[in-house]
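Here is a short report on the structure shown below.

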Amino acid sequence: MSGISDNELVARHLEGDTRAFGELVARYMKAVYNFVYLYARNEGDAEDITQDAFMNAWKGLRAFDRSRAFKPWLFSIAKNASLNWLKKKKPVLFGDIAREGGGADFEETIPDEAPLLEEVFEERDLVARVEEAMRELPPEQQAVIVLHHTEELSFREIAEMSEVSLDTVKSRYRRALIALRGKLRK
Amino acid sequence: MQNDLNNALQRIARKEPSRELFARILAQVKVEERRGVIYARIGVLGTAALLSLVALVPALRELYAEFTQSGFVQFLSLLISDAGIVAVYWQDFLISLAEALPVFGVAGVAASIFVLMLSTRYLARDIRALSRRSSFAL
């Protein structure tokens with residue numbers, strides 16, 4: 001099944017081939033997982049969102065327009081699943097944080113990130129520094145970087161799946177690169 | 001700098017999901033497929049039950065009309081009024097009774113009741129299966 005195109009697998013799935021959807025999951029599970037991780041920021045939630053994304057894709061395959069590319073469509077579903085998850089996730093209310101016996105305020109319990117960044121910037125490996133810098137970018141900028149460089153989607157495909165204009169995608173990409181360069185120069 | 005950055009972006013480490021995630025996704029697909037089959041079956045069975053219930057009304061009316069027209073009831077009442085004669089000519093009596101039986105009417109009512117009972121039985125089973133599955137969290 002490895003040499004078969006995505007849209008051919010979709011066609012086979014719709015014709016009743018039970019292995020076809022499994023092949024699509026195997027192809028894109030890691031990519032979708034890494035994409036939704038940008039929103040979830042932890043492994044457990046990222047796995048749950050990945051599962052939701054693939055279930056939504058499975059349910060939507062009958063309506064999928066096979067004249068379009070499958071990958072951007074799948075990532076748009078993953079993005080919507082991530083945004084739905086974020087909406088459901090309860091915000092942490094500062095007033096709900098119980099004070100400890102010593103009366104420590106919540107703000108005082110936020111770890112000081114400066115030493116962590118210093119330790120990271122001491123590393124010589126550019127990739128590790130880029131990864132660290134990436135985490136500080138807003139999710140939509142991280143998404144453009146990941147989708148363009150790692151998943152090799154074109155800006156047009158990213159714009160289509162994100163339901164924004166091409167110029168918006170290019171602008172996010174430019175801002176992300178400027179921010180990364182700025183962080184790496186420090 | 002740009003080339004180094006581009007190369008680094010290409011090589012960003014990708015996290016590995018757990019080994020169970022793939023199996024969980026496919027297991028949930030199977031659950032949803034079975035759920036879809038059950039829903040389709042509930043639709044068919046529900047329709048069959050409803051149609052058989054609706055068909056039962058005219059079937060019963062038809063049976064009543066055939067009973068009154070065929071003389072079956074009159075023959076049957078001989079068992080009470082002339083039991084002695086029936087006992088003597090019991091074979092002829094049975095043949096006459098069978099000939100007077102409104103077969104089509106009885107068959108129509110029996111078929112409606114049979115479909116109604118069968119579809120209701122399997123409908124209840126599928127509804128129970130659905131409520132059991134929805135209590136399982138994946």
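## Around A:A53

Leaving aside neighbours within four places in sequence, A:A53 is in contact with A:V32, A:V36, A:I77, A:A78 and A:A81. Two residues are in contact if their C-beta atoms, placed from the backbone, lie within 7 Å.

This is a predicted model: local features need pLDDT of at least 70, side-chain atom pairs count only at pLDDT 80 or more, and totals for chains, interfaces and linings use all residues. Residues are numbered from 1 along each chain as its sequence is written, while chains are lettered from A and ligands numbered from 1 in the order in which they are written.

## The nonpolar core

A:A53 is among the residues with the most contacts inside the largest nonpolar core, as are A:V32, A:F35, A:V36, A:L74 and A:A78. This core has 47 residues. Such a core is a set of buried Ala, Val, Leu, Ile, Met, Phe, Trp, Tyr and Cys residues joined through C-beta atoms within 7 Å. A residue is buried if 20 or more other C-beta atoms, placed from the backbone, lie within 10 Å of its own.

Helix α2(A) gives the largest share of the core, 13 residues. Domain 1 (6-88) and domain 2 (113-185) of chain A both contribute residues, so the core lies between them. The domain bounds come from an automatic or database domain assignment.

## The fold of chain A

Chain A has ten helices and zero strands. Helices (H or I, at least four residues) and strands (E, at least two) are DSSP runs, numbered from the N terminus. Of the 186 residues of chain A, 30% are buried. Among contacts in chain A with a separation of 6 or more, 61% join residues 24 or more positions apart.

In α7 (residues 126-135) of chain A, A:V130, A:A133 and A:M134 are buried. They cover an arc of only 105° around the axis, which puts them on the same side of α7(A). The arc is that of the directions from the helix axis to the C-beta atoms.

In α9 (residues 155-162) of chain A, the buried residues are A:E157, A:I158, A:A159 and A:M161. Their cover includes α4 (70-88), α8 and α10 of chain A. Just after α9(A), A:E163 takes a positive phi of about 60°.

## Where chain A meets chain B

Contacts join 24 residues of chain A to 22 residues of chain B. On the chain A side, α2 (18-40), α3 (43-60), α7, α8 (139-150) and α10 (166-185) each give two or more residues. The largest share, nine residues, comes from α2(A).

Key: Buried ≥ 20, exposed ≤ 12 C-beta atoms within 10 Å, placed from the backbone.
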